[in-house]
Amino acid sequence: MSKTNLAVVGTTAADALQNVRRDLKSRFYERDVVIDALLASLVARTHVLLLGPPGTAKSAVVNALTASIDGANAFSWLLTKFSTPEERYSTTNPTPERA
């Protein structure tokens, strides 16, 4: 997947998002709802929490979306049944060894 560059003449943000959407949907079968939700959150500049069983491409879709955009980065945190409330609801930034 090539990086999205909105500085290209004639490319609008909507066109770039459609290209990314089309590419992600061709790579991730039956993940249309997740892809659309991620793109909506990208446009709205909000956070996303993806829940689901292991092996359902949650991280893979996020990583592919992040890789497709110049200068983008993603933050992920694995929540388990052993996660503490401090891990889930902390307002402090995670330390590098925990991120």
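What is the handedness of the crossing in which helix 1 passes helix 3? Helix 1 passes helix 3 in a right-handed crossing. A crossing is right-handed if the near helix is turned clockwise from the far one by less than a right angle, and left-handed if anticlockwise.

## Basis

This is a predicted model, where local features need pLDDT of at least 70, side-chain atom pairs count only at pLDDT 80 or more, and totals for chains, interfaces and linings use all residues. Residues are numbered from 1 along each chain as its sequence is written, and side-chain values use heavy atoms, with hydrogens and water left out.

## Overall layout

The protein chain has 4 helices and 0 strands. Along the sequence the pattern reads α-α-α-α. Helices (H or I, at least four residues) and strands (E, at least two) are DSSP runs, numbered from the N terminus.

Buried residues make up 15% of the 99 residues. Buried means under 20% relative accessible area, exposed over 50%, and partly exposed in between, with a 1.4 Å probe and protein chains only.

Contact means heavy atoms within 4.5 Å. Of the contacts with a separation of 6 or more, 49% are between residues 24 or more positions apart.

## Helix packing

Axes are lines fitted to C-alpha atoms, for helices over the stretch in contact, and angles run from 0 to 180 degrees between N-to-C directions.

| Pair | Axis distance | Angle |
|---|---|---|
| Helix 1 and helix 2 | within 10 Å | roughly 155° |
| Helix 1 and helix 3 | within 11 Å | roughly 145° |
| Helix 2 and helix 3 | 11 Å | about 45° |

Start with helix 1 and helix 2. Their axes cross at roughly 155°. That makes helix 1 roughly antiparallel to helix 2. Angles under 35 degrees count as roughly parallel, over 145 as roughly antiparallel, 65 to 115 as roughly perpendicular and the rest as oblique. The crossing of helix 1 and helix 2 is right-handed. Helix 1 supplies L17, V20, R21, L24 and K25 to this contact, and helix 2 supplies D32, I35, D36, L39, L42 and V43. By class, the contact of helix 1 with helix 2 has 7 nonpolar, no polar and 4 charged residues. Ala, Val, Leu, Ile, Met, Phe, Trp, Tyr, Cys and Pro count as nonpolar, Asp, Glu, Lys and Arg as charged, and the others, Gly among them, as polar.

Next come helix 2 and helix 3. They pack at an angle of about 45°. Helix 2 and helix 3 are therefore oblique to each other. Their crossing is right-handed. V34, I35, L38 and L39 in helix 2 meet V61, V62 and L65 in helix 3. The residues of this contact divide into 7 nonpolar, no polar and no charged.

Helix 1 also meets helix 3. V20, L24 and R27 in helix 1 contact V61, A64 and L65 in helix 3. This contact has 5 nonpolar, no polar and 1 charged residues.

Which residues of helix 3 are buried? In helix 3 (residues 58-67) they are V61, A64, L65 and T66. What covers them includes helix 1 (13-27) and helix 2 (32-44).

## The loop between helix 3 and helix 4

S68 is found in the loop between helix 3 and helix 4 (85-89). S68 counts as buried because its relative accessibility is 0%. Its side chain reaches the backbone oxygen of L65 at 2.7 Å. This is a polar contact: a pair of N or O atoms within 3.5 Å; within protein, one must be able to donate a hydrogen and the other to accept it, and residues adjacent in sequence count only if both atoms are side-chain atoms.

S83 is in the loop between helix 3 and helix 4. S83 counts as buried, at 9% relative accessibility. The side chain of S83 reaches the backbone nitrogen of T80 at 2.8 Å.

F75 is placed in the loop between helix 3 and helix 4. F75 is exposed, with a relative accessible area of 55%. F75 and H47 are 28 residues apart in sequence and 9.9 Å apart in space, C-alpha to C-alpha.

## Positive phi

Most residues other than glycine have a negative phi. E30 has a positive phi, near 60°, and is not glycine. E30 lies in the loop between helix 1 and helix 2. E30 is exposed, with a relative accessible area of 58%.

R45 is not a glycine, yet its phi is positive at about 60°. R45 lies in the loop between helix 2 and helix 3. R45 is exposed, with a relative accessible area of 78%.
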